[in-house]
Structures are given as structure tokens and as C-alpha cells.
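Let's take a walk through this model together, one region at a time. Please have the sequence and the coordinates open beside you.

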Amino acid sequence: MASAREAGGGRWSREARAWAISLALMVPAMVPYLLHFREWKPYARPTGYIQHDMPIYMAKAREYFDGGSFRPTYGNPCSPTDDAPRIYFQPWTFALGLAHHATGLRPRALFPLFWFVAAWACARAALDLYREVVGRDDGAARRGAVLFFWGGGLLAIAGIVSGLVTKGTLGRKDVVALDTFEGWWFLNFGRNLIYPTEALYHAFFFLCILFVLRRRFALATAFALLTATSTPFTGFELLAILWAWGFVEVVFLEDRARVRRFFAATTALMVLFLAYTLGFLNLFAEHRKVAAQMSLPWGFGAETFVPAYALVGALAAWRLRTLPRAAACLAEPRNRLFLVWAIVAFMLANHEFAVPMKQPIHFTRGYIWTALFFLGAPELLRLLDRLRGRRLAPVLFTIVFLFDNITWFGVYYAGGLRTKLGNGVRINIYQEEVLRRLDDPRLDGCTILGDDHELLYLAISETPLRSWVSHWIETVDFEKHRDELDALFEHGEFADAWESLPLVVVVTRRSGDSGPPHWLAHRGAEPIFANRKYFVYRVAPSRLVRSRTTRR
């Protein structure tokens with residue numbers, strides 16, 4: 001009995017230690033959030049959204065419960081009215097919406113908690129996968145774990161050299177010039193821990209791969225399904241990798257029946273995924289329009305991917321440097337999986353060679369880098385073993401391996417590169433007061449018009465209302481809607497589409513304003529809130545429209 005208790009205590013001790021190590025390894029990802037919340041001023045309050053795309057995730061999560069009743073699917077929250085077809089479901093947005101509904105926490109408080117849970121879970125999954133791959137727990141393996149989490153390539157060095165050669169000078173932006181979207185597409189693994197959705201997707205992805213390596217195919221199938229229902233890009237990428245690896249194993253290597261069953265399950269998931277994303281969703285006009293808007297030619301060229309993958313690619317190539325070595329390496333199914341993973345992910349990230357570009361950069365997110373890292377991991381550990389005790393050599397090697405992330409954090413969060421990508425979303429106290437007033441179930445069904453477009457965007461995540469203009473890429477006919485708002489507030493032109501809608505109009509207060517503008521006054525605008533910066537009015541649908549509807 002005592003030995004059983006000791007074994008149980010040892011297991012809990014190992015678990016606690018693993019979670020503690022995972023937390024320590026994710027510490028750099030905390031930096032953007034700590035700095036975001038450190039600055040707390042009346043004109044620049046933190047929202048918890050450290051990047052401009054983040055509010056839309058809370059907007060999707062709210063959709064399940066906003067409106068006073070639970071609904072198992074959601075419509076596009078960037079649609080300007082509640083008529084959007086409810087054709088979407090994601091397990092994690094449902095869980096986030098349930099947490100918001102159950103706790104009553106404001107989205108700006110809940111979202112950072114979501115990030116922390118997702119990032120810590122991802123760090124733990126990544127640590128377990130790393131340990132499974134390297135199969136060691138010595139000094140070199142522990143140093144290798146740090147390199148896995150926060151290693152990169154030669155992008156920063158290439159950017160520095162390029163800046164000095166082409167301009168003769170070196171600025172902050174030159175360091176991240178070759179890192180796509182100033183480094184916010186996360187071409188290596190660790191930086192994905194900063195972004196809550198990417199951390200969650202990586203956790204699911206890594207757990208699926210981990211269970212494949214452990215030959216626990218039922219659990220691998222479950223996590224493949226979870227990934228595919230959580231995100232179209234990573235979901236398709238994971239299914240494509242698993243399907244291609246299963247095809248190689250079953251068709252060419254005649255592997256065991258368990259792999260054949262897993263290949264059949266993966267094939268079924270791929271068919272269902274394509275039927276939903278390319279079949280069912282495309283039956284709806286609004287989805288087709290949003291998908292067309294999202295089909296942007298965002299890719300990366302050799303000037304980026306060569307230095308990004310130079311270090312891990314060199315280690316993988318060195319491991320496969322001769323035919324006998326390659327044959328010995330690829331005799332193991334896990335190494336064949338890593339090779340297939342790297343090839344499929346790279347092909348998806350450069351799919352413009354086969355089909356028109358549809359944000360191929362979405363397939364990067366460190367997945368190519370990670371596959372190459374795992375393929376070359378034994379060579380990395382051998383190199384770390386050889387460098388041990390050689391004075392500065394281990395330190396210099398570690399600095400080079402971590403340099404992309406060291407400089408990226410330095411540029412953004414120590415050097416203060418002030419861009420929309422890294423600043424986070426902030427609001428002033430007057431915007432916060434308006435959002436608090438609009439977070440009212442009695443206003444359900446209203447569409448917000450306003451001349452503060454940032455406020456309108458935040459309203460879809462902080463209130464139950466829809467905005468005429470919100471996220472630039474997921475609002476159908478975004479530019480047309482923005483021009484309509486400009487015409488309203490500059491010339492008083494009231495769009496026909498608004499006549500039949502219950503509206504909330506937020507007007508930025510100007511010197512001398514004491515009431516609604518003329519184009520609102522004659523529409524029976526009801527004032528519902530005012531502060532030093534804004535007036536808020538409620539406008540009922542036009543009587544003419546309502547009378548026509550009644551006669552029909």
C-alpha cells in the first residue's frame with residue numbers, strides 16, 4: 001500500500017514539475033500582456049486584446065448566447081444585422097461563450113484568461129511532444145527544449161545585413177523586415193504562444209501528433225477532429241499531413257491494420273471537412289463573399305523562408321546527408337511522419353504554384369519549422385553534447401539559435417516599435433462608458449452606426465449588438481459600408497438599408513453640440529446616453545417602412 005501511495009505521489013510530483021517547466025518556458029509570451037496592462041491611462045486603457053484581430057474571437061463566442069437564448073451555432077458577427085445565417089460552430093468559441101455567459105465577466109477580462117489557459121496548455125503539449133521525440137532528459141535535452149520553444153532562424157541577421165548593404169544604415173524595422181508582417185505570422189514555434197487561438201490550435205495539433213507517435217490512434221483521431229472543427233487552415237493542414245503519411249504507410253509500406261484503420265478515419269474526416277467547408281458553407285451567399293474577401297495573396301518568398309528555416313533545415317539535411325543515413329532515419333515511421341509533415345506544410349504555404357493564393361501564409365505558423373526541428377533534433381543534441389565545456393561556443397550557438405526571437409521581442413517591447421500590429425487595442429474612458437451602456441439586453445437586435453470606427457469594431461465583442469462596419473476583412477462590402485457611414489456623418493445622407501433597421505447611433509461630440517444632428521432630429525431619435533465625448537441615440541425603424549410591412 002505504501003509503495004502504491006509513493007508511486008502515486010511520484011506521478012503527481014512529475015506532473016506538477018512538467019506543468020511548472022511548461023509555465024517557465026512560456027514566460028516570454030507573457031511579456032506583451034504584461035506591458036499591455038502596465039500602461040493604464042484615461043486616454044489609453046488596455047482592452048486585453050494585444051492585436052487588432054482579437055476582438056472578433058470574443059464576438060464569435062458571444063453569438064451562442066446573445067439574444068437571450070442559447071443557440072448551438074453562430075452567424076458572422078461582422079454581419080450588420082441579425083439575419084446572418086447561423087452556419088458556423090467551433091468547440092473553443094462555444095466554450096469561451098459558455099464561460100462568458102456563466103461568469104458574467106467582461107470580454108476584456110475573460111479574453112486574457114483564455115490566452116493564459118491556451119498558452120499554458122500548448123506549452124505542456126509541446127513539452128510532452130518534444131520529450132517523446134528526443135527520448136532524453138539530460139542537460140543537452142533541457143537546453144534543446146529552450147531552443148525548441150524559442151529558437152528561430154537567420155531572419156534577423158539577414159535583415160540586418162540587408163539593411164546595411166542596401167541603405168548603409170540600420171533601423172529598428174530592418175531587423176524584422178524579412179519576417180512576414182513584421183514577425184506576426186510566427187514562422188517558428190514559440191511566438192505562437194503569444195496568440196491565444198494559435199496557441200490553442202498548436203496544442204490540439206501537437207497532441208494529435210503525440211498520440212500518433214504513441215500509436216494511440218483513437219485519441220489522435222479525436223484531436224484531428226477537434227482541430228478540424230476549430231480552424232479551417234490548421235485543420236486542413238493537419239488532416240492533409242495525416243492523410244499523406246497514412247497513404248505512404250498503408251500503400252507503400254503495408255503497415256499494420258491499426259494504421260490502415262487510422263488512414264480510413266483520416267480519409268473520412270477529410271471528406272467531411274471538405275464537404276462542410278467547400279460544399280455546405282458555399283451554399284450561403286454571405287459566406288461566399290467573406291471567403292472571397294479573405295482570399296488574399298498573402299505569401300512569403302525565398303528571401304523569407306530560406307533564412308527562416310536555415311538552421312533547422314540544415315540540421316535535418318545533415319541527418320539525411322547520405323543515402324544510408326537517410327534510409328536508416330526514414331526506416332522509422334515517426335521520421336517519415338516528420339518528413340511528410342514538413343513537405344505537406346511547405347506545399348500548403350506555397351500553394352500559389354498550383355492554385356490561386358488564398359492566404360498561404362496561414363499554413364506557416366511555425367508548423368514547417370517544427371517538423372524540420374524534430375527531424376533534425378538528434379543532430380542538434382549531438383551538437384550540444386560536443387559543444388559542452390568549450391567555453392563560449394555553447395553560448396554563441398544558443399544566441400544565434402534564439403536571435404530571431406531575442407531581437408523581435410527587443411524591437412517590439414524594449415525598442416518600442418510603434419505599429420498597429422504590436423501596440424494592442426486601447427480605448428479611452430469615454431469609449432469604455434459608451435460600450436458599457438450599449439452592453440444592454442434591451443438593445444438586442446439593434447445595429448450600431450457611428451463615426452468612430454474603432455468603437456464600432458469593439459462593440460461586436462463588448463456588446464450584444466451588430467455594427468454596420470466592424471472587422472475590415474469579415475464585414476461584407478466593408479468599403480461600401482464605410483463610405484455609407486462617411487456620407488451620413490459628413491453630408492447627412494441616410495442609406496435606404498437603414499430605414500427598416502432598429503438603430504443605435506453613436507455621434508462624436510463636437511464643440512457647441514447640444515443635441516442630435518439634423519438628419520437624426522427629424523427621425524425621432526431618442527437620446528439614451530451622453531458623456532463628454534459622445535452622444536448615443538436610439539432610432540426606431542421608419543414609420544413608412546413599418547406601415548408597408550403591415551399592409552403586406
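**A guided walk along the chain**

R215 counts as buried at 17% relative accessibility, where buried means under 20% relative accessible area, exposed over 50%, and partly exposed in between (1.4 Å probe, protein chains only). Before going further, note that this is a predicted model, in which local features need pLDDT of at least 70, side-chain atom pairs count only at pLDDT 80 or more, and totals for chains, interfaces and linings use all residues. Residues are numbered from 1 along each chain as its sequence is written, and side-chain values use heavy atoms, with hydrogens and water left out.

Back to R215, which sits in the loop between helix 9 and helix 10 (217–230). Helices here are DSSP runs (H or I, at least four residues), numbered from the N terminus. R215 is not a glycine, yet it has a positive phi of about 60°. F181 is another residue other than glycine with a positive phi, near 50°. Is F181 buried, partly exposed or exposed? With a relative accessible area of 34%, F181 is partly exposed.

The loop between helix 8 (172–175) and helix 9 also holds T180. T180 is buried, with a relative accessible area of 10%. Leaving aside residues up to four places away in sequence, T180 touches W185, L187, G299, F300, T304 and I361; contact means heavy atoms within 4.5 Å.

Now step into helix 9 (residues 196–213), where T197 is found. T197 counts as buried at 1% relative accessibility. With residues up to four places away in sequence not counted, T197 touches Y57, W92 and F114.

Helix 9 also packs against helix 17 (residues 333–349), at an angle of about 150° and with the axes 10 Å apart. The axes are lines fitted to C-alpha atoms, for helices over the stretch in contact, and angles run from 0 to 180 degrees between N-to-C directions. The crossing of helix 9 and helix 17 is right-handed; a crossing is right-handed if the near helix is turned clockwise from the far one by less than a right angle, and left-handed if anticlockwise. Here F205, F206, I209, V212 and L213 of helix 9 meet R334, L337, F338 and W341 of helix 17. The residues of this contact divide into eight nonpolar, no polar and one charged. In this count Ala, Val, Leu, Ile, Met, Phe, Trp, Tyr, Cys and Pro are nonpolar, Asp, Glu, Lys and Arg are charged, and the others, Gly among them, are polar.

Another pair to look at is helix 6 (residues 139–150) with helix 18 (residues 367–387), packed at about 145° with axes 10 Å apart. Helix 6 and helix 18 also cross in a right-handed way. Among the residues in the contact are R143 and F148 of helix 6, and W369 and D385 of helix 18. The contact of helix 6 with helix 18 has 10 nonpolar, two polar and two charged residues.

Helix 5 (residues 107–134) has 28 residues and reaches 40 Å from its first C-alpha to its last, close to the expected 40 Å; the expected span is 1.5 Å times one less than the number of residues. Helix 5 is largely enclosed by the rest of the structure, because 20 of its 28 residues are buried. Just after helix 5, G135 takes a positive phi of about 65°.

Finally, the cysteines. A search of the whole structure finds zero disulfides, a disulfide being a pair of cysteine sulfur atoms within 2.5 Å. For C78, the nearest cysteine sulfur, that of C446, is 18 Å away. C78 is buried at 0% relative accessible area, and C329 is buried at 5%.

Conventions: Helix = DSSP H or I, 4+ residues; strand = E, 2+ residues; numbered from the N terminus.
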